[in-house]
Amino acid sequence: MDQLMIEGPNFLSGRVQVSGSKNAALPILAATLMGQGTQKILNVPNLGDIRTILNLLTHLGASVKKEDSALLVCADSVSEHDVPYELVKTMRASILVLGPLLARFGKAKVSLPGGCAIGERPINLHLMGLQKLGAQIEISEGYIYAQASKLTGTKICFDDITVNGTQNIMMAATLAKGVTLLENAAKEPEVVDLAHFLNKMGANISGAGTDTMIIEGVETLGQATHEIIPDRIEAGTLVLAVAATGGNVRVEHCAPQHLGFVLDKLMACGVHIEQDERSIWVKSNKVLEKINMETKPYPGFPTDLQAQMMAFLTQTQGTSRIVENIFEKRFNHVAELGRMGAQITIDGRCAMVEGGKKLSGAPVMATDLRASASLVIAGLVAHGRTEISRVYHLDRGYEQLEEKLKNLGARIYRVSNRECKG
Ligand code: EPZ
């Protein structure tokens, strides 16, 4: 297993370009199962979870080709409707093919995704929505068996805001008979990007980005060309790395409007931030103040930046409070940050982060995707060498992160070491 080695502290400067959004590309690639003809998808990031879903599409019988910087996906020859545990266990977002398979082919057998390091991750809201659309759902021996001769539009209200649940039901409803009203829908930019793609294929979705969506079912979906939005979590991770280490960096090819709440919080700490339509200029070279924050559904502070924010807050003055409202076990990075000298105490969903701490390099272990990004930021700040093991977690969700940081002056490199322990 690979390790990342970081010699700190670092000062980051220069320009960096953000890749396409992993969490927009995953549902959009799942949606290609519903279109007739070839879908042309641009700005798809080259990272672990994308390779996993492309393997899944190929397993189902779709053809996947690269043409220059575009991905061409054609589902006309899809003949398989069974998504095995071996594929789902590596990426629980595979559940996103459930709605498309059911809508296009009337049946699907998908392994239950199970939980992960950050929480139980139930899918009851996905299944509730599909049942309301008329699907028969059975769960047996770890699999979801779903079938529906024809899905029928209806009113669906989500008890909790669920991003992938909203996306699964949106996709299923596009080919249902009649109109579906989705209430308490997720408003994330990745939901809006999916709606844009589906509408280009011929769907009739309105209200995406608000908590109420109307989806008028259509008979078939055709082909479309679509460019994936920039990854707001990668952009936020890079901005937080600069804020934490001190530096002067222009983050380009991003969508600052998707990070409004995060940038406001950083400016409240004293980080200098300027933005235009496609880039964020971050300058951090003075004493920074603590803040209190809590994670919320969009447009609130994203849970996917909580771990990275925590690493940054170890460098501000005073004690900050972080409340994680979305996932019940998303503090796995705290113990590892503690090994580097951070002073963080946890009480349930609340973490108190002592600021002004000089971090020291140490061997640490990545436990999940965003926790590993947090350890990278801490390693960039820490004095001495940090060795991060199990970086396969990081590789699932970031495209060439260490190259991007190296180009900003970071002393970071990868050791592909078969004998790596941990
Ligand atoms: C998406 O996961 C993202 N993943 C996650 O990013 C992100 O953290 C999460 O949204 C929240 O923004 C992808 O898009 C692939 P949820 P999702 O359903 O959709 C509860 C990353 O790091 N819930 O919005 O699975 C659930 O337990 C990943 O890139 C139910 O109770 O998250 C959680 O408490 C991590 N029943 C809350 O809702 C359900 O049926 C929000 O989860 C579904 C969810």
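**Note on the predicted model**

1. Helix H6 (residues 163-174) lies across S10, S11, S12 and S13, and its direction is at about 25° to that of S13. The model is a predicted one. The strands under H6 are taken up next.

2. The order S10-S11-S13-S12 describes an open sheet of 4 strands with mixed pairing. Strand S10 (155-157) and strand S12 (204-206) are the edge strands; each has a single partner strand, so one side of each has no neighbour in the sheet. From one strand to the next the twist averages 15°. S10 and strand S11 (residues 179-183) run parallel and are joined by 3 bridges. Within this sheet, Lys-155 is placed opposite Leu-181 of S11.

3. A second open sheet also has 4 strands, in the order S6-S7-S9-S8, and its pairing is mixed. Which strands stand at its edges? They are strand S6 (82-83) and strand S8 (136-140), and each has a single partner strand, so one side of each is left without a neighbour in the sheet. Helix H4 (residues 98-105) packs on this sheet and touches S6, strand S7 (107-111) and S9. The direction of H4 makes about 160° with that of S7.

4. Ile-137 is found opposite Ala-146 in S9.

5. The next two points concern pairs of helices. Two packed helices are described by the angle between their axes and the distance between the axes. For helix H1 (residues 22-31) and helix H7 (residues 189-200), the axes come within 9 Å and cross at roughly 30°. Angles under 35 degrees count as roughly parallel, and H1 is therefore roughly parallel to H7. The crossing of H1 past H7 is right-handed. On the H1 side the contact is made by Asn-23, Ala-24, Pro-27, Ile-28 and Ala-31, and on the H7 side by Glu-190, Asp-193, Leu-194, Phe-197 and Leu-198. By class, the contact of H1 with H7 has 7 nonpolar, 1 polar and 2 charged residues.

6. At what angle do helix H10 (residues 306-313) and helix H12 (residues 369-381) pack? The angle is about 20°, and the axes of H10 and H12 are 7 Å apart. H10 and H12 are therefore roughly parallel to each other. H10 passes H12 in a crossing that is right-handed. H10 brings Ala-307, Gln-308 and Ala-311 to the contact, where they meet Arg-370, Ala-371, Ala-373, Ser-374, Ile-377 and Ala-378 of H12. The residues of the contact of H10 with H12 fall into 6 nonpolar, 2 polar and 1 charged.

7. The domain assignment divides the protein into domain 1 (3-19 + 230-421) and domain 2 (22-227). Taken over C-alpha atoms, the centres of domain 1 and domain 2 are separated by 30 Å. Where the domains meet, 22 residues of domain 1 are in contact with 22 residues of domain 2.

8. Gln-223 is in the loop between strand S13 (212-216) and strand S14 (225-227). How many residues apart along the chain are Gln-223 and Thr-38? They are 185 residues apart along the chain, while their C-alpha atoms are separated by 5.6 Å. Leaving aside neighbours within four places in sequence, Gln-223 is in contact with Gln-36, Gly-37, Thr-38, Gln-39, Lys-200 and Met-201.

9. Some backbone details deserve a check against the structure. Most residues other than glycine have a negative phi, and most peptide bonds are trans. The peptide bond from Gly-8 to Pro-9 is cis, with omega near 0°. Pro-9 belongs to the loop between strand S1 (2-8) and strand S2 (12-17). The peptide bond from Tyr-298 to Pro-299 is also cis, with omega near 10°. Pro-299 sits in the loop between strand S18 (292-294) and H10.

10. Is the phi of Asp-68 positive or negative? Asp-68 has a positive phi, about 55°, although it is not a glycine. Asp-68 is located in the loop between strand S4 (63-67) and strand S5 (70-74).

Methods
Residues numbered from 1 in each chain as written. Predicted model: local features only at pLDDT ≥ 70, side-chain atom pairs only at ≥ 80, totals over all residues. Heavy atoms only, no water. Pairing = 2+ DSSP bridges. Helix = DSSP H or I, 4+ residues; strand = E, 2+ residues; numbered from the N terminus. Contact = heavy atoms within 4.5 Å. Axes fitted to C-alpha atoms, helices over the stretch in contact; angles between N-to-C directions. Parallel < 35°, antiparallel > 145°, perpendicular 65-115°, else oblique. Left-handed = near helix turned anticlockwise from the far one by under 90°. Nonpolar A, V, L, I, M, F, W, Y, C, P; charged D, E, K, R; others polar. Domains from an automatic or database assignment.
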